[in-house]
Amino acid sequence: MDFSLSEEQKMLITSARDILQRECPPSLIRQVLNETKGYSTSLWEKMSALGWLGLVFPSEYNGGGGNFMDLSVLLQEMGRAALPSPFFTSVIMSGLYILDAGSREQKERLLSGIASGEIVITLAISEKGTDDFKPDDMKTVAAVDQDNYYITGTKIFVPYADSADYFICLARIFNDDKDKGLGTFVIKKDSPGIKVDLLKTMGSDHYCRVEFKETPVQEVIGTEGQIWHALEKTLWKNVVALCCDMVGGAQKVLDMTVEYSKSRVQFGRPIGSMQALQHHCSDMAVAIEAMQSLTLEAAWRVSVDLPFYTEASIAKSLVSEWYPRCTQLGMMIQGGVSFMEDHALPLYYRRAKALEVAFGNSDYHREIIAESLI
Amino acid sequence: MDLKFTREQESFRQEVIDFCHQNMEKRYTPEYAQAFREKISQKRWPGLSIPEKYGGLGRGAIHRVIFMEETSYLRAPIVHYDYGVTISLLGNMLLRHGTEEQKREYLPLIANGTIHCGQGYSEPEAGNDLANIRTLAIRQDDHFIVNGQKMWVHDARVYKYSLIMARTDPQSEREHGLILLLMDNKSQGVTVIPQLAMNRQFTPQVFLDNVVVPVSNLIGEQGKGWQYYNELKPFYWNKEQGAEIGMIRRLFDDAILYLKDWQQHTTTRFQHELIKQKMAEAMVDINVLRHMVYRMAWMEEQGIDLFEISAKLRVFHVETWLKFTGILTSILGREGILESGAAEAALNGMMSRLYPAAALQLMQRAGPSYIKNIISTEILGMPKPW
């Protein structure tokens, strides 16, 4: 048994932390969140130059040949910096899906493009009133005409759809059992019949609504009717990835809070010397330890190709509760200054809640856990 | 014991509701809001608990709470804080310690909503530890010269006055030698720097540079500022009681309506049950809050000491509000974090605004940790940790 990280992983942590501290300060985040794209293109280019975007792609596709454990430590650093970027939708959801379900040619073309930062692909799956993990209710359809598919339907919560180069759209081809009869289709941006609207959130998600009206597809990924297994697995990997981001963010919040409590003097002493605050901080520290344990366990299982869905639910259920709670305890301890927008904490406060509700909150995942017990 | 409202209180409640329905418009504009507030001023409802001889309506604290609750529930375009802070701090301060002249000059203007007064207490080094204040107000003949820096002086940008707590004796320490001054925000030497907060409001920092405040604006006696502040802590902690319950009740009712419909989209029966349980829990908390708010108002009318109930109410309110906004945002999922504008936004984007804004409760007016210390030491009599 070995709980240690590899030397490369440790180096990745140090370098990512340094780079993001410099390149992704809160002032930059505030700036990009207000801009049309919602993320920094120049930082994205740097990330690709550093090999971060291709980290888990095999080298033959321009990737670094890393595994999910490597990715998980990088994601923690991104969460620590509260980095807003299309990493989840492009690298993880689209990239890992293509890696699993795409043809060799597609992998060569699309994965290299993602890794080099040349293209951003966003996954369009959610619809009004549907559960991402249960596509039975999905209404977007792919109709066949001549030799091509045409997509009609409305997708919501599609990240960065207003600037992405491609969509991978989940649509129903034929009315068959639940998750059969589905296909995944690559659609180029600005194709006919597409309308994209920004769905502003209180977080940094840059969600969009994408309406497709008889939109022609560029290509199909995977075999029609047989894509769900691979797509589902990708979504679950994204759950684990989100947990990594949330753990990194919670740790940063604790670090900020402890730092503040050591220097802030009231009643003639640093407030960090007060018992109630110490207990809050130690509750956070223990919770972070727990969150990290569960998250790394799930990530490890992904990296060695063991079943991991239950472990992903276990991790997400805990981080969904504790990351927001850490931001609240942190804000209570840091007081009024941390409520101001020029402080970093509001970014984490909102982001924590937005990530809590993405891909299932605690209740959702506890139900899955409970089901697995019966 | 009789927990029914009197017929008079019930009919006043209906009067407020009717007034709102008659005068509220569907779309908010600054002009409509201004006109609405002027009508409220004409009715002198901000002066519900101010004695008639000082221009108020002399009807009592319960009426004041009813007014705040119903206007808040209906989302009338008034800023409850404007009235809350002015009445609870300046109004009460003048009633207890103002000169007859001061009462006759300012109370009628508070009662008809003409003037508002924010609190100028906190400083960068004096947050929970308010006794650490450094702002100096040195007496010179018929005025004070004030120098210092105040924080969280909402809303010095638009209110006429701020109630400044300052040190009049430079040799004094901590709670000694403090005074309360009613300062005109437009005085020379006052610089107001607004800062954007997570509740999307601008909260001003105020810099005071040789500001001249006439002695006639001193409230009460020199050196007793801390004593006065202490007396009014219950009001300081709970400035907009009534408005707060109106708000939470309205959010709860809106949520129930939305969720009844939304249950069609809830994907599992388990989620249903859980949502029902959580809303039921929230209802229990709201009932506690409402009871305590009205009990405190009744106690105020009876002249009973409010210290204990207001400390407990403050803690209960903070924890309830944070818990409820957190749980509701979570229940609503991604639709809950959408801002208003998108058709998909749950409750018209309310939680994307309220969830972050609720965090203000964590530190405003002494955070819950500090008040829990007070409950432990001053109410339960446990030994002080320092």
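**Fold, interface and local geometry of the two-chain model**

The secondary structure of chain B comes to twelve helices and eight strands. Its radius of gyration is 22 Å, close to the 21 Å that the globule rule gives for 386 residues, so chain B is as compact as a globular protein of that length. The model is predicted. The C-alpha trace of chain B spans about 75 × 45 × 45 Å along its principal axes. Of its 386 residues, 59% count as buried. Among the contacts in chain B with a separation of 6 or more, 70% join residues 24 or more positions apart.

Chain A has eleven helices and ten strands. Along its principal axes, the C-alpha trace of chain A spans about 80 × 50 × 40 Å. Buried residues make up 60% of the 374 in chain A. Residues 24 or more positions apart supply 73% of the chain A contacts with a separation of 6 or more.

The two chains share an interface. Contact involves 47 residues of chain A and 49 residues of chain B. The area buried between chain A and chain B is about 4300 Å². Carbon and sulfur atoms give 63% of that area. M202(A), F267(A) and F339(A) supply 18% of the area that chain A buries against chain B, more than any other three residues.

Polar links also cross the interface. Between chain A and chain B, 17 residue pairs are in polar contact, with both residues at pLDDT 80 or more. Four salt bridges are found across the interface by the rule. One of them is formed by D132(A) and R334(B). The closest N and O atoms of this salt bridge are 2.8 Å apart.

Several elements of chain A build the side that touches chain B. Those that each supply at least two residues include strand 3 (148-159), strand 7 (207-216) and strand 9 (265-266). Helix 8 (275-303), helix 9 (309-334), helix 10 (345-356) and helix 11 (362-373) of chain A also each supply at least two. Helix 10 of chain A gives the most, with six residues. By class, this side of chain A has 22 nonpolar, eleven polar and 14 charged residues.

R13(B) lies in helix 1 (residues 7-23) of chain B. R13(B) has a relative accessible area of 9%, under the 20% cut-off, and is therefore buried. Its side chain makes a polar contact of 3.0 Å with the side chain of E69(B). Beyond neighbours within four places in sequence, R13(B) is in contact with F5(B), I66(B), E69(B), E70(B), R290(B) and Y294(B).

L251(B) sits in helix 8 (residues 243-262) of chain B. This leucine counts as buried because its relative accessibility is 1%. L251(B) and L328(B) are 77 residues apart along the chain, yet their C-alpha atoms are separated by 9.4 Å. L328(B) is also among the residues that L251(B) touches, setting aside those up to four places away in sequence.

G98(B) occupies the loop between helix 4 (80-97) and helix 5 (100-111) of chain B. With a relative accessible area of 14%, G98(B) is buried. Apart from neighbours within four places in sequence, G98(B) is in contact with M93(B), K103(B) and I219(B). The C-alpha atoms of G98(B) and S72(B) are separated by 30 Å, at 26 residues apart along the chain.

The peptide bond from H154(B) to D155(B) is cis, with omega near -5°. D155(B) falls in the loop between strand 3 (143-150) and strand 4 (161-167) of chain B. H206(A) is not a glycine, but its phi is positive, near 50°. This histidine is found in the loop between strand 6 (194-199) and strand 7 of chain A. H206(A) is buried, with a relative accessible area of 11%. R44(B) is not a glycine either, and has a positive phi of about 60°. R44(B) is placed in the loop between helix 2 (30-43) and helix 3 (61-73) of chain B. At 34% relative accessibility, R44(B) counts as partly exposed.

Definitions and conventions. Residues numbered from 1 in each chain as written. Chains lettered and ligands numbered in written order. Heavy atoms only, no water. Contact = heavy atoms within 4.5 Å. Buried area = accessible area lost by both parts, 1.4 Å probe. Salt bridge = Lys/Arg side-chain N within 4 Å of Asp/Glu carboxyl O. Polar contact = N/O pair within 3.5 Å; in protein donor to acceptor, adjacent residues only side chain to side chain. Helix = DSSP H or I, 4+ residues; strand = E, 2+ residues; numbered from the N terminus. Nonpolar A, V, L, I, M, F, W, Y, C, P; charged D, E, K, R; others polar. Buried < 20%, exposed > 50% of the residue type's maximum accessible area, 1.4 Å probe, protein only. Rg over C-alpha atoms; globule rule 2.2 N^0.38 Å.
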